[in-house]
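The sequence and the model come next.

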Amino acid sequence: MPTTDLPPTLQTPAFLQILNLVRDPIAFFDHHLAQQGDTFTSRVLGPGGPPVVFVGNPTSVEQIFTAPLETFCLGQVTHVFRPLTGDRSLIMLDGSEHLRQRKLLMPPLHGQRMQVYREAITTITLEVLRALPQNRPITLRPYLADITLQVILRVVFGLEPGPRYAALQTLIAEMLEAITQPFYSSCFFFEFLQQDFGPWSPWGHFVRQMGEIDRLVYAEIRDRRAQFPGASGRQRTDVLSLLLTAHDEAGQGLTDQELRDQLMTLLLLGHETTASSLAWAMYWVLSHPAVYQQLRADPSPSNAQDYLTAVCNETLRLYPIALIAQPRIAKTDYDLSDYHCPAGTVLVPCIYLAHRRPEVFPEPLRFMPERFLNRQFSPAEFFPFGGGHRGCIGMAFSLFEMRLILQTLLNQGDWELMANQQVQPVRRGITIVPSSGVKVRYTASPVPIALALNSADADRASVAK
Ligand code: HEM
């Protein structure tokens, strides 16, 4: 064994560390940030498992994000998603195969393409708003999840309202709701629970639901291949259409299974994440009257857009819906800043720890969008979307989507946060959400509040670069 000098090590027994992390990850990180600082070594993979280092120090985070490709391999945590995303999903791949798929998936989710998605996102938001019960308390999160699911179906899958769209909307919403239930989610972690005892058993139910979703997704892929290229005579702009034409350097396109797996990955990682971030954003805006007023009152589109971006960034800072980026395993002995980690050490860039450092974010518990107007943060100080070779490929898309939806919601009427709701950060599936689901009252305004969105804003949706 090489001599090691790992970051400060937690002294509690491994089983207690696991229990505390699973039961209340926020309390776990708060406690150890106060006790050990922003970077520490744990045994959350068990007493015999490799050390797991949570890294919140910007110098070390930057080192991990900029390390050469061959330094780390992917931690074996994403396997829990395999029954949903399949073997060919981006999050299951490593090394050159991962890079190849990433290059194919990135272009449709970046740059000027955002403008093409503007109309669909606004239309869906307005449709959901029109059906929203008015002048009485409602729980907002499910409506936000409805918006972001429909955005994926229309903008990513390229589906149009109709029987297949409606069937997928219902099946996916039910399936994603079911897998947030404790027993169901345990099935993903423990393979021995993945037993099909018929349609009434949890796994049997999941397998049948997934089979039906797959049938519809493969049917869509088949139809679209048959229509291609442009048989309908019109230019399609959705992500699936772009992926159908995508080729790597060797001229290789994506197979049907690769397409299905990538679509399910974008759905799984792109829907609840953005919905939960929007739920937090609405909670913070409505619980800070000055912020609410400013978002609705600023007369200058340019200032209004900067402020809106700052509100989204501060939302993603305070309770990042993903507390950690994907774990990276050191392939060989690795020097992390002043520490020495043996080969096999699991390094986890910890978004939550980094975002709570008072040195970078004074009064870290306060919601203060202005901090993003007054200062630029480095990609190792503020990284709600992770970074490096495995950073989120949906970052530009979801920031654009978040801002557009938030603005449309605030633009269309008056919102009031219901009093006396205890809001705690709690885990729901793969995201951290406000426990109450955000209870609000909405009254549509006869004349939408003018908060013009100019068309240059997609490019200005800037997380610190
Ligand atoms: C507010 C919304 C979102 C947040 C906070 C978020 C956050 C994250 C984080 C923290 C990671 C891990 C990054 C790392 O390990 O360094 C990630 C990965 C990923 N995200 Fe997102 N995400 C969001 C929305 C989306 C959307 C809308 C999509 C797609 C439409 C998406 C697709 C992905 C994919 C495919 C990966 C895996 C990348 C890889 O392994 O190469 N995400 N996301």
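## A strand residue, a ligand shell and a helix pair

Apart from its neighbours within four places in sequence, Val348 is in contact with Val52, Val53, Phe54, Val55, Ile324 and Pro327 (contact: C-beta atoms, placed from the backbone, within 7 Å). The model is predicted: local features need pLDDT of at least 70, side-chain atom pairs count only at pLDDT 80 or more, and totals for chains, interfaces and linings use all residues. Residues are numbered from 1 along each chain as its sequence is written.

Val348 lies in strand β8 (residues 346–349); strands (E, at least two residues) and helices (H or I, at least four) are DSSP runs, numbered from the N terminus. With 22 other C-beta atoms within 10 Å, Val348 is buried (20 or more such atoms; exposed is 12 or fewer, partly exposed in between). Between the C-alpha atoms of Val348 and Ile324, 24 residues apart along the chain, the separation is 6.7 Å.

The ligand is surrounded by 26 residues, the closest being Gly270, Gln326, Gly386, Cys392 and Gly394 (C-beta atom, placed from the backbone, within 6 Å).

The largest share, four residues, comes from α12.

Helix α6 (residues 113–130) packs against α18 at an angle of about 40°, with axes 10 Å apart; axes are lines fitted to C-alpha atoms over the stretch in contact, and angles run from 0 to 180 degrees between N-to-C directions.

Terms used: Two residues are in contact if their C-beta atoms, placed from the backbone, lie within 7 Å.
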